[in-house]
Amino acid sequence: MILAVSRTRVAILGSTGSVGTQALAILRDRRDRFDVVALTARRGEQIAAQAAEFSPTAVCMTDADPPKGLPPGTTFHRGADGVLAALDQTRPDIVLNAITGAAGLPASEWTLRAGRRLALANKESLVMAGEHLMQLAENSGAIVLPVDSEHCAIHQCLRGEDPSTIRRIWLTGSGGPFLHRPLATFPSITRDEALRHPTWTMGPRITIGSATMMNKAFEVLEAHWLFGLPPDKIQVVLHPQSIVHSMVEFVDGSIVAQCGVPDMRVPILYCLSWPERTPFDFQPFDPSRWRNLEFLPIDAERYPAVPLAYETLRLGGDSGAVLNAADEELTRLFLAGAVPFPAIVETTARILRQRQVRPATTLANVLAADRDGRTLANQLVATTP
Ligand code: MG
């Protein structure tokens with residue numbers, strides 16, 4: 001008997017970024033199983049070459065006109081609404097959301113409302129609107145699989161486990177480029193120094209977020225929503241080698257960890273293949289190369305973003321959306337040379353503390369909080385000498 005293998009239809013949002021290009025590198029070798037039906041990016045000619053190779057039904061560029069050389073059968077959509085139009089047109093089985101920042105939220109919402117599988121690399125979606133999105137997923141039966149390496153690790157450690165037996169989870173973080181830099185010199189950190197990440201190659205927003213550890217703060221919120229864990233069951237530990245991607249500690253004293261050399265293709269492939277495991281030609285793992293794995297506690301003075309994550313969860317409501325918006329603006333201002341490095345987290349904390357918390361049960365609530373966070377960030381920077 002021959003069983004027909006149904007092909008999985010995939011949309012890659014943010015196809016020209018780090019996660020997007022790595023996803024396409026995997027899918028290039030798995031055409032027997034996957035069809036790429038939609039590609040979206042902000043701008044750039046690269047998407048035309050991707051479209052020529054994968055012949056998607058729809059392509060969207062949010063900030064640019066159609067690139068030269070799109071295949072004749074491919075529909076072009078433009079603008080932020082164009083991403084949703086491409087999803088409406090293609091109705092993919094899996095949406096890999098690798099859009100950067102708040103711009104990724106509407107596509108996550110679309111996917112969960114439509115009951116499709118969301119392979120989520122855009123953690124900002126959950127930071128901003130975790131309550132709303134997880135409710136949508138529950139209503140539609142949609143599955144959220146985290147591409148974020150730490151959460152993908154936790155997801156794997158929890159397979160077949162009863163969630164009530166979790167004592168706590170341990171999210172690991174490399175500590176970024178400033179783990180050993182004298183604190184007194186933080187105000188003079190330059191853009192280029194902050195953009196040099198020791199272990200992962202990623203886009204500028206998340207690389208700055210790794211230097212401040214705001215990225216880890218976001219991951220605390222992401223874990224809270226994804227796994228339904230209270231803040232006191234979510235721990236963060238520094239692990240500069242980035243080999244142990246995260247751990248789960250169970251009530252019986254067992255600790256389960258997921259490991260590997262840093263390679264985003266592993267979580268991407270996991271999310272595309274789940275619940276199966278798909279073979280891929282990765283370099284064999286050699287544990288003897290990693291004789292010195294270090295684990296260090298978080299120094300809250302060096303990384304004030306980490307305690308700010310717990311404060312955000314305590315504040316509740318729409319605080320996550322404000323946290324993300326303020327950080328997104330301050331990161332942009334830092335990259336433009338308008339504020340010093342420590343101001344990214346300090347100013348974000350001030351905004352969170354001075355603003356009245358509101359509910360975040362609808363997308364409109366969340367987008368209002370997002371606008372507030374941005375306005376307050378720009379106002380504070382403009383009025384601070
Ligand atoms: Mg991560």
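Is Asp-148 buried or exposed? In this predicted model, in which local features need pLDDT of at least 70, side-chain atom pairs count only at pLDDT 80 or more, and totals for chains, interfaces and linings use all residues, Asp-148 counts as buried, at 9% relative accessibility. Residues are numbered from 1 along each chain as its sequence is written, and side-chain values use heavy atoms, with hydrogens and water left out. Buried stands for a relative accessible area under 20%, exposed for over 50%, and partly exposed for values in between, with a 1.4 Å probe and protein chains only.

Asp-148 is one of the residues at the metal site. The magnesium ion is coordinated at 2.1 Å by Asp-148 (OD), Glu-150 (OE) and Glu-219 (OE). Donors are N, O and S atoms within 2.8 Å of the metal (3.2 Å for Na, K and Ca), and sites may look incomplete because water is not among the atoms. The spacing of the donor residues in sequence is D-x1-E-x68-E. Glu-150 is buried, with a relative accessible area of 8%.

The domain assignment gives domain 1 (8-146) and domain 2 (151-261 + 294-383); such bounds come from an automatic or database domain assignment. Between the C-alpha centres of domain 1 and domain 2 the distance is 24 Å. The contact (heavy atoms within 4.5 Å) takes 19 residues from domain 1 and 27 residues from domain 2. About 2000 Å² is buried between domain 1 and domain 2, and carbon and sulfur atoms give 69% of this area. Buried area here is the accessible area (1.4 Å probe) that two parts lose on being put together, summed over both. On the side of domain 1, Lys-123, Val-127 and Pro-146 lose the most area to domain 2, together 33% of what that side buries.

Five residue pairs are in polar contact between domain 1 and domain 2, both residues being at pLDDT 80 or more. A polar contact is a pair of N or O atoms within 3.5 Å; within protein, one must be able to donate a hydrogen and the other to accept it, and residues adjacent in sequence count only if both atoms are side-chain atoms. The elements that give two or more residues to the side of domain 1 touching domain 2 are helix 4 (105-113), helix 5 (124-140) and strand 7 (143-146). Helix 5 gives the most to that side, with nine residues. Helices (H or I, at least four residues) and strands (E, at least two) are DSSP runs, numbered from the N terminus.

Two salt bridges are found across the interface of domain 1 and domain 2, and the structure holds 28 salt bridges. The criterion is a side-chain nitrogen of Lys or Arg within 4 Å of a carboxyl oxygen of Asp or Glu.

Other salt bridges join separate elements. Glu-53 pairs with Arg-28, with 2.6 Å between the closest N and O atoms. This pair links distant parts of the chain, 25 residues apart, with Glu-53 in helix 2 (residues 46-54) and Arg-28 in helix 1 (residues 18-28). Glu-53 is partly exposed at 31% relative accessible area, and Arg-28 is partly exposed at 41%. Arg-167 and Glu-249 meet in a salt bridge of 3.3 Å, N to O. Arg-167 lies in strand 8 (residues 166-173) and Glu-249 in strand 10 (residues 244-250), so the pair ties together parts 82 residues apart in sequence. Arg-167 is partly exposed, at 40%, whereas Glu-249 is buried, at 9%.

The side chains of Arg-374 and Glu-329 also form a salt bridge (3.0 Å, N to O). Arg-374 is in helix 14 (residues 363-383) and Glu-329 in helix 12 (residues 319-335), so this pair ties together parts 45 residues apart in sequence. Arg-374 is buried at 18% relative accessible area, and Glu-329 counts as buried at 10%. Both belong to a network of salt bridges that links Glu-124, Arg-205, Asp-327, Glu-328, Glu-329, Arg-332, Asp-370 and Arg-374. Within this network, Arg-205 is placed in helix 8 (residues 204-212) and is buried, with a relative accessible area of 12%. Neighbours within four places in sequence aside, the contacts of Arg-205 include Thr-100, Gly-101, Glu-124 and Asp-327.
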